[in-house]
Each structure stands twice: as structure tokens, then as C-alpha cells.
Amino acid sequence: MSEDSKIEPKKSSRGTYIAVFIALAVLTGIEITVTHLPIPRIPVLIPLAIIKAGLVALFYMHLRFDKKVFSVVFVMGILMGLGLIFSLILLFAPTLLDIK
Amino acid sequence: MIQETASVERPSMGVDNRKLGVWVWLGSEAVFFSALIVVYIVMRNQSVTGPYPRETLNVTLTAVNTFILICSSLTMVTALSAIQSGNQKGLWRWLVATMLLGLAFLGGQAFEFTSLANQGLSLSSNLFGGTFFTLTGFHGAHVLIGVIWIGFVVARARRGGYTQSSHLMVELTGLYWHFVDLVWIIIFTLVYLI
């Protein structure tokens, strides 16, 4: 591939990558533990999954330090996906959202 | 008049167009997987006959598989970090590690799919089976494509094809691989834990 464009974002350190890895592993362990506890799963597990996904996107995919246009483009796709999810749930399984 | 050939990497938005293209593609992949996820969410408990999710899915095995994929994200970003520092040998080694972890994940998926098939779950067994295998099958296909993609990058890296100043393909490969991991994080929570 030809010479990369001279547009280099700031980088995270190796220590940051390892810290994110540990956080992901710990959060996964917490998620599994929650499934064995007598507490509602959805309000705990969904935010934990979002945090994990956010860590991967921000640090491993470098959105934290890269040009904002990449974040805008990616978030637009995610928002469209979320819109699709909520609209289809409302249409075919509204009880999942406790909507009568 | 001499016409200047448009350079594919000439930035008009201040970013590399190839990288922007990959991000747009990943955004579309987010919509794709959202569609598969919502169909699974809506349909999984509407099967007339079994097997049913709670009695068939192996959370422990899948948790190990999830950990393997998280490890592969670390090795992938470490590979990129290596070539950003000009370390070609480090790049090659960490890419191979990523490939091996990806293959391990696929092996775990194959084992799980076989185990579920032995319990009577298939694409055509019931709504749960159809939506489950479609969602996880497509994700597995993405992992397989990622492993093959990394293989090509490894081959070029082995020949010294990437340098500190020229390694965009490594970064783009990493973006795809981390996205596949990100999708699995969501799938693991929604399918196996909730």
C-alpha cells in the first residue's frame, strides 16, 4: 500500500491497552456473576455491555484520539441500528419494553 | 492539458479516504447486525417446541470464548502499536497470535454448534434455533473472514511489507477485528446472559 497520509492521531500507550483488557475481563466476570444473583439482569447487563463496547471503540479502535468524523460516521450507523431495534420491538414484541 | 490523476488517499475531509471508507462500512455492519439481533430478541421465546434458550446454551464455554476474543483484540492492537514503533518482528508475532486466538474462538464456536445440534437445535428446528444460528453464524463468518484477512497481512508483514511510515492496512485490519469483537460483546450479553 502506498505511503500513509501524514495524518497521525495521538496514540494510547501499551499500558492503556493492557488496562482496557483487564477492565474488559473484569466486566465480563461481573456480568457472569450477575446472572447467578437474584437481581434484574437487563438494567445491569445492558449498561455493562455498552461500557465494554465503548472501551473497545474508544481505545482499541482509537476513536478517543482520532478525527471526530470517524466517530460521527460510526455513531450514525449505531443510531440507525438502535432505531431499527426499537422500532421492530415496538411493532412485534412491545411487551419486551413493558408497553401495553 | 495534463490531467492530474486523483490520488485515492488525497484527503478532502482531513482524513485518509480509505480509513473513512472502512468506518462507513463498519457503520453499515452495525445496522446489519442490529437487524439480526432484533429478530433474535423478538423471536427467541416464541418457539412452539423446544429446545429453548435457558436449557441449551452453555454460558461457561461461551464465557471462555468471549475471553479468547478479548485477548485477540489486545494482541491485534499490540501488533499495530509495534509497527507504529517500527518493530516489524513484533508486528508479525502479534498478528500471528491474533490469528491463533481467532482460530481458537472458531473452534469453540464449532464445538458449541455441534453440542447444540446434538441437543436437537438447528436452523430449522424452531424459531430460537433459526434466529440463534443465523446471528451467531454470521458473526462466526465475520471472524473467519477476519482470520483469513489477517493471514494475508501476516504474509506481507513477514516480507517486511509494512514500515513505521506505511502500515495503514494493519490499522484497517485492526478496525475490522475490533469491530467483530465489539459485536460479540453485545451478542454474548443479549443471547447468553439475558
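**Helix packing and chain contacts**

Student: How do the axes of helix α3 and helix α4 of chain B cross?
Tutor: The axes of helix α3 (residues 59-84) of chain B and helix α4 (residues 88-118) of chain B cross at roughly 165° and come within 8 Å. Axes are lines fitted to C-alpha atoms, for helices over the stretch in contact, with angles from 0 to 180 degrees between N-to-C directions. This is a predicted model, in which local features need pLDDT of at least 70 and side-chain atom pairs count only at pLDDT 80 or more, while totals for chains, interfaces and linings use all residues. Residues are numbered from 1 along each chain as its sequence is written, and chains are lettered from A and ligands numbered from 1 in the order in which they are written.

Student: What does that make α3(B) and α4(B) relative to each other?
Tutor: α3(B) and α4(B) are therefore roughly antiparallel (angles over 145 degrees; under 35 is roughly parallel, 65 to 115 roughly perpendicular, the rest oblique). Their crossing is left-handed, the near helix being turned anticlockwise from the far one by less than a right angle (clockwise would be right-handed).

Student: Which residue classes make up the contact of α3(B) with α4(B)?
Tutor: The contact of α3(B) with α4(B) has 16 nonpolar, eleven polar and one charged residue. Nonpolar covers Ala, Val, Leu, Ile, Met, Phe, Trp, Tyr, Cys and Pro, charged covers Asp, Glu, Lys and Arg, and the others, Gly among them, are polar.

Student: Let us stay on α3. Is Thr62(B) buried or exposed?
Tutor: Thr62(B), which lies in helix α3 of chain B, is buried because 21 other C-beta atoms lie within 10 Å (buried needs 20 or more, exposed 12 or fewer, partly exposed in between, with C-beta atoms placed from the backbone).

Student: What does Thr62(B) touch, not counting residues up to four places away in sequence?
Tutor: Thr62(B) touches Glu112(B), Phe188(B) and Tyr192(B), where contact requires C-beta atoms, placed from the backbone, within 7 Å. Leu74(B) is twelve residues from Thr62(B) along the chain, and 19 Å separate their C-alpha atoms.

Student: And chain B as a whole: how many helices and strands?
Tutor: Chain B has six helices and zero strands, both taken as DSSP runs numbered from the N terminus (helices H or I, at least four residues; strands E, at least two). Its C-alpha atoms fill a box of roughly 70 × 40 × 20 Å along the principal axes. Of its 194 residues, 43% count as buried. Among contacts in chain B with a separation of 6 or more, 80% join residues 24 or more positions apart.

Student: How many residues of chain B are in contact with chain A?
Tutor: On chain B there are 45 such residues, in contact with 44 residues of chain A. The elements giving two or more residues to this side of chain B are α1 (17-43), α3 and α6 (168-193). The largest share, 14 residues, comes from α1(B). By class, this side of chain B has 28 nonpolar, 14 polar and three charged residues.

Student: Turning to chain A, how do the axes of helix α1 and helix α2 cross?
Tutor: The axes of helix α1 (residues 14-34) and helix α2 (residues 42-60) of chain A cross at roughly 165° and come within 10 Å. That makes α1(A) roughly antiparallel to α2(A). The crossing of α1(A) and α2(A) is left-handed.

Student: Which residues of α1(A) and α2(A) meet?
Tutor: Residues of α1(A) including Val20(A), Leu24(A) and Leu27(A) meet residues of α2(A) including Leu48(A), Ile51(A) and Leu55(A). This contact has 14 nonpolar, one polar and two charged residues.

Definitions and conventions
Contact = placed C-beta atoms within 7 Å.
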